[in-house]
Amino acid sequence: MEGQATAGRRILLQDRISNASLGHTARLLLFVTSRSSSTMGSVSPSSLMDIFNLLKACCSPSCNYIMAYEGTFSSLASEVGQLKDKSSDVKRDVEAATRDGQTPRSEVLGWLSSVQDMEGEAESIERKYNQKIKCLCSFPLNVCSAYRLRNRAEAALATIRELKQSAEFTKLADNLNLTRSIKMPTTKTIGMEKVFEELLCHAKDDSLSVIGIHGMGGVGKTALLRRFNNDFPSETEADVVIFLELSIDYKLEEVQKSLFERLSLTWQDEVTHRDRATKLFRVLSTLKFILLFDNLWEPLNYQVVGIPLPAPPSKCKIIFTTRTEDTCSHMGTEKMIKMECLEEEAAWNLFRNSARMDVIDADKNILIKARDLVKECGGLPAALIVLAQAMAPKKTWEEWIHALTIMKDTPHQLPGEGIIDNADNIGDSTRKTQFLLGILHAASLIERVHDNYFRIHPMTRAMILWVQRECGKKENKWLVPDRDRVEEAPAAEKWRDAERIALVWNQIRDLPEAPQCPNMIFLNLHVNKFLRKIPNGFFLHMPHLKILDLQETSIEELPVSIGNLMQLHFLELSRTRITSLPKEMAALVNLKYLSLESMKYLRTIPDRLISGLRELQWLNMVDSYSGWREGGVSFEELESLKRLKVIGITVSTLAALQNLCDSPRLAAVTHWLHIEGCQDLTMFNIPSTDFHAETMLRLIRIQLHAMSELEEVVIGNRQPILLPLQEFRLSSLPKAKLVWRATFPNALRELKIEDCGAIDRLIKLEGEANGGGETVITIFPDLHTMVLRRLPELKSLSDGERILNFPSLKTIKVEDCPKLMKLTLVADGLKEIECERSWWEQLNWGDERSKSFEHLYNPMYID
């Protein structure tokens, strides 16, 4: 009965399972469970068959699934390999685009991230698969875990196949992150409308790709190109407009670096020029570009730089300015635009609008002179703008007359002659020189190096020499070798045909004994430090020599043949080692300019030598001969020079200083005064009623040097005497301090203090400048340069709570001032602080006034 009951329960359970549509596995489990609950241990053959059938039905699909999973893992490995290859290609292209400044698209970055995730998943699956224990036929012994692993592998395989299908990107990266154009500051382009319209027309013509603009220096090429840069981009489809202003001696690396910066490309110093060119070429080839090159002195090699030459029709353009038509030809120019000087009315309008001078309309006489002045500029825009700016503050008719005189009398003679002749004082000559240098600089014919030092471009220099040598027909007419530190002077036979010889900044030791120079009018040996002797017969055969410059050579004496230079006008001997001048110099009856500045070894000047130079107009003996108290040359000799207009003089006794001030003739023409060695002097007033300095109305520089007992140098006194003093220098004064006691304006432009051990503050303020609490005081409104060197006790540039204001100060030079820790002053126009790096780094920048100068550091310039 129990067996029948058990069988009944089994049948009932099977029916229920079948009716519930359970799977084979569930029915097998229920059957086994029901049998395990039976109290009878016997199993019939039919029951065993039932179990076998259930097992077969249950395991057959799963066994087939598991037995085939080897193929799944094989497919996964294959698909992953293909996906990796595709991913590597995409990565390489994305990296290339990134290096070129492009931005990878988000969908690409997302795809790469998904690929990376799936590579990790595939590696995990493969690792678990390899760890499975398998039988001899590669069947996994742990069936359940193998089942789950295959499911995971199939899911990964499906995802990988989807990633492969979605890898066909239409665009990997977006364009460069570029600023389309950058506005440039520009000057007025009055009178250039016609040529500007011509340029616009050519720039819009797709059949033209390279356009050259040529014309003389200062004619307005840069202003035109800058205006084009500012106005044209709004009318073009260009991706980028790049303006590059090239230096006169630009290098390939500079051009490439500027293009890299403008295109936001990464610059690497270790990369070769060729690789950079390749990168530039690849990037520019994808863009519609307009390249604007200003101031090309020589042809630019597109291929070497990396610039693709546009092939018409094209929206890409290369436009450049140059001074020579030849450069245009070598640049593959398809259209040349020549810029001419302005016509008279356009020139007048540019002049008026460059400075807006109301004085022109207020005074008809000035209006007439202004018109004449504009005519002298010949329509050159740069000259007109510079002239307008220079004349803007001029309010009197006399000033405009003076300017017109300068313009009409612009010297075409030798250097030095035109400047000296017809100049009543050093101020006139300085203004004339600065005016002419300003015109040359504005026309880009010269370049400012530092302060008043200029250099000329090699190509301009070569052109001038070529013209002066009669277009190359007379190579020896001007002997002017390059500054390559030559050690030998040209052979004597080359001197025969020379008119001008300049051997400056070389290492020449010897000169020809007696060169035949029948035509020579100019000889410059400036800065030949190794030249110690001039042969005795050197000047015997130079009958027409007018200018001789021997400054900063090491010569110790002049040969007696110097007396043969009867036509000599200009003689420069500054900073030589000459101890005595030969009496034969008295024969230089046409000499107009003589400089003996800083000739520290000069002890003797023969009697009546100076008085023999009856045409002398300039005599500079600053920091040089001071033997006026010991016989020799007397002030009476100097007073006999009726044409003398400018003198710089050194005195070493109070008596000599008194005599100089008492001489109306000499005091009136004294421009530079050097006082040294007056051991009894304990206080010095500037200006000084004691020494009748009111007679020195043209004094522009005073230097006090090497006076061990001098304790106070006072600027100002109770009776104001206005001096045109521009430079004030104190040097080697161990006890001296600077005191301000003035109540009147001054024109001081340069203050230089060196080797003054007692100075602890720049200047002590007295009189009306004194007061309580912090105040800002202006005492040197025109000061533009301050030099402070070897001042061991200097601690402040102001006086306690009284802060000094220097509204015109541009440059401060500091050297060896260890106790100066703060820059306490007001100088809103300050441009640079030249100093040693070690001093700059130890300054106290916590002070707010000092902090305002943090960006003005400039390495020390040795002058």
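1. Glu552 is located in the loop that runs between β13 (547-549) and β14 (570-572). In this predicted model, Glu552 has a positive phi of about 55 degrees, although the residue is not a glycine. As background to this point, most residues other than glycine have a negative phi.

2. Ser732 likewise is not a glycine and has a positive phi of about 55 degrees, and its place is in the loop between β22 (727-731) and β23 (737-740). Ser732 counts as partly exposed because its relative accessible area is 28%, the class in question lying between the limits of 20% and 50%.

3. The peptide bond that leads from Pro312 to Pro313 is cis, with an omega near 0 degrees, whereas most peptide bonds are trans. Pro313 belongs to the loop between α11 (302-305) and β6 (317-322).

4. Turning to helix packing, the axes of α9 (residues 252-262) and α10 (residues 273-284) come within 11 Å and cross at roughly 35 degrees, and the crossing in which α9 passes α10 is left-handed.

5. On the α9 side of this pair, the residues in contact are Leu252, Glu253, Gln256, Leu259 and Phe260, which meet His273, Arg276, Ala277, Lys279 and Leu280 of α10. Sorted by class, the contact of α9 with α10 has five nonpolar residues, together with two polar and three charged ones.

Methods
Residues are numbered from 1 along each chain as its sequence is written. This is a predicted model: local features need pLDDT of at least 70, side-chain atom pairs count only at pLDDT 80 or more; totals for chains, interfaces and linings use all residues. Side-chain values use heavy atoms; hydrogens and water are left out. Helices (H or I, at least four residues) and strands (E, at least two) are DSSP runs, numbered from the N terminus. Buried means under 20% relative accessible area, exposed over 50%, partly exposed in between (1.4 Å probe, protein chains only). Axes are lines fitted to C-alpha atoms, for helices over the stretch in contact, and angles run from 0 to 180 degrees between N-to-C directions. A crossing is left-handed if the near helix is turned anticlockwise from the far one by less than a right angle, and right-handed if clockwise. Contact means heavy atoms within 4.5 Å. Ala, Val, Leu, Ile, Met, Phe, Trp, Tyr, Cys and Pro count as nonpolar, Asp, Glu, Lys and Arg as charged, and the others, Gly among them, as polar.
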